[in-house]
Structures are given as structure tokens and as C-alpha cells.
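Visitor: I'm new to this structure and would like to learn how to read it. Could you walk me through a few features?

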Amino acid sequence: MSLNPNRSIDPLVIAAAVKTSLGWDSTTGSRTGKTSANESAQFGAHGDNRIGKIDFEFECARDGAGALTEAKRAEFKDDFCQEITRLQKWAADSDWIEFPDRVFKTIISDRYKISKSLVPAWSGRPGYMEFPTWRVASRRAAIMHELVHVFYPNGNRFLAEGLAVHLQDSIGGNPAFPNFGEPLHGVVFDRLLEMTKSASDEDPLGLRQIHLAELDGIATPSPLTLRVGDEVYGEDQRGQAFVYPIAGSFAQFLIETRGIERFRSLYAQTPLVPLARKVGSLDRWPDVYCMTLADLESEWKSMIVSEFSMANCGTFVET
């Protein structure tokens, strides 16, 4: 992928073309044909700057408790292209245009427990996306999150997940992991109360036990892992439910307080290279922000405390 802001994409053309190719009746809002187990949607054939094809493959039963009916499959496809529309609009508004591989492979299966696209990209399969059937059936699949990994993969796992969580939260069309529609900063505050129970009077929230440099030192495809005191929050579902909001909240903080241009500059220093690990040096933080990561982290922590300690005064004092 290459950064080229001079080549634009019309997201409305993408969404309209996908609906047409899938047999969507815009007057009734319903499908006109049946969904096969493996379908392709081809669109944007008028230039290399457009996505060429999306393959949807359903490896799941059509009946039973976790079934995906024809209507549910059509609903997911419509949601998918609407998320592309939102992401492309954000890219144009942010002057951050990335061009993914022209072929997407989207698989929905009972075999998957979590969604994936970043690790497949690292392993040499760009555009490959996995979604668990139960997430799709409940309309809680993190489509925007995974599209961000396809359009904006990164060798630094902390930044890659931070941007994906932030954009799922801010422009995604549905609530999804890890905050499911709750404000990211508020979720982090609640998580910190759970993670740092052994706080001191000088550090009532125990924030000195959180070190973002530990997360910043993790290269894709390694999972985000954070040690807080004697507790390790790792790649299991509980661990990621604690760590991912932190990554998303910090990315949101950087973008909201310092702007998208600086974040993009930082992000560009650790591009994803398949089968390689490039996490980046700590020196890149002062180079971009004129502040160390530790100083930015302190400012972020102060923001979290000031915004949410009063709103959660009873819980805060008790803790």
C-alpha cells in the first residue's frame, strides 16, 4: 500500500455498485435473489484506485440457534459496504487515503471465535478477513475495526489496534468490541478501577502501574499484553477486553488533542511489512509530538481522571 492523497475514491459509488451486484432492490430495501455459500461482488472497474472485488464466503449452517438466514447474510453485506463508505469518507476528510489490495476475501464461519484481518495481512494475505458467525448474526461484528486493519495495517500493534478501536467507536455503524457503544475514556476509567486495586494515597487510581511503553513495544502479530502489578492482561478474551480500550482511548486522545496529521506521521513510521517485525523506536514520539511517550501518557491519564472521577465519585472514593 502507498499513501497517495492525489488519488481519491468515491465511496457512494462503491456502496451503490455493491448493492446492485448483490441484487439489492433500493425501493423495498430487500434482496431480489438468493445468497449462495460463496459469492463475489465486483465493482469500481473504472480505475486502479477502486476496490475490484469482495468475496463473501459463509461457512455456517442456515438453521439452528446461531444460523445466518438469507436476510441476515444480505444484512451483513449491506453493513459491510456501508462501513466501506464511512471509512472512505473519513479518509477523504482526513486527507489520509490508503489503497488496499483490490480483492477482499471475507469469510464468516462457525470456526472463528474472534474477528481477524491484521494478522492475516502480516502473514501475507492482505484483504483477508474473518468474522465469527455469532457476531454477524447479532449484528455486533466489528466490521469497521477489521476494515481499518485492511486499509491501514501497522507494524506496531498498539497503534494498529488503537486506530481500529477508535474508528469503530467514532464512525462505525454498530456497537462492537471492546466498548460496545460506551465512551472509550469512560470504559478505560472503569477498567483502571478493576486493574489497579492496590493503589496508594498518592496514586489513588494506581495509574503508576500502567506503562504504555510496554504496549508500544509490541510488534504485529504479537498480541497486546500489559502487566499491572502481579496481573498480566494477555491475549485471552478477558485480557483483551481490558487492553483494547486503553489502546483506543489513547489513540482517540492523540487525535483529538494533537490532530490527525501528527498521528498519521507517527503511524507512517512503522508500516506493516509481511513476516517482519517493526515496532519503532521511542525516539519517534518526541520527533512527532515534541513530547516523550511518558509525558503524553501522563497527560492522557490526567484527562481520564479529571473527566470521570467526579462522575464516578462514589466508586472512586470507595476504591
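Guide: Gladly! One term comes up at once: a residue is called buried when its relative accessible area is under 20%. Please keep in mind that this is a predicted model.

Visitor: Which residues of β6 lie on one side, and which on the other?

Guide: In a regular strand, side chains alternate between the two faces of the sheet. Here, Tyr128, Glu130 and Pro132 lie on one side of β6, with Met129 and Phe131 on the other, and all are buried. Since five of the five residues of this strand (residues 128–132) are buried, β6 is largely enclosed by the rest of the structure.

Visitor: How many bridges join β5 to β6?

Guide: Five, and the two strands run parallel.

Visitor: Which residues touch the most other members of the largest nonpolar core?

Guide: In soluble globular proteins, nonpolar side chains tend to be buried together. The largest core here has 76 residues, and Phe76, Phe80, Phe104, Tyr152, Phe250 and Phe263 touch the most other members. Helix α9 (residues 237–258) gives the most to this core, with ten residues.

Visitor: What span should helix α7 have?

Guide: At 1.5 Å a residue, its twelve residues (184–195) should span 16 Å, and the end C-alpha atoms of α7 are 16 Å apart, which agrees. Ten of those twelve residues are buried, so α7 is largely enclosed by the rest of the structure. The buried ones include His185, Phe189 and Arg191.

How values were computed
Residues are numbered from 1 along each chain as its sequence is written. This is a predicted model: local features need pLDDT of at least 70, side-chain atom pairs count only at pLDDT 80 or more; totals for chains, interfaces and linings use all residues. Side-chain values use heavy atoms; hydrogens and water are left out. Helices (H or I, at least four residues) and strands (E, at least two) are DSSP runs, numbered from the N terminus. The expected span of a helix is 1.5 Å times one less than its number of residues. Buried means under 20% relative accessible area, exposed over 50%, partly exposed in between (1.4 Å probe, protein chains only). Two strands pair if DSSP finds at least two bridges between them. A nonpolar core is a set of buried Ala, Val, Leu, Ile, Met, Phe, Trp, Tyr and Cys residues joined through side-chain atoms within 4.5 Å.
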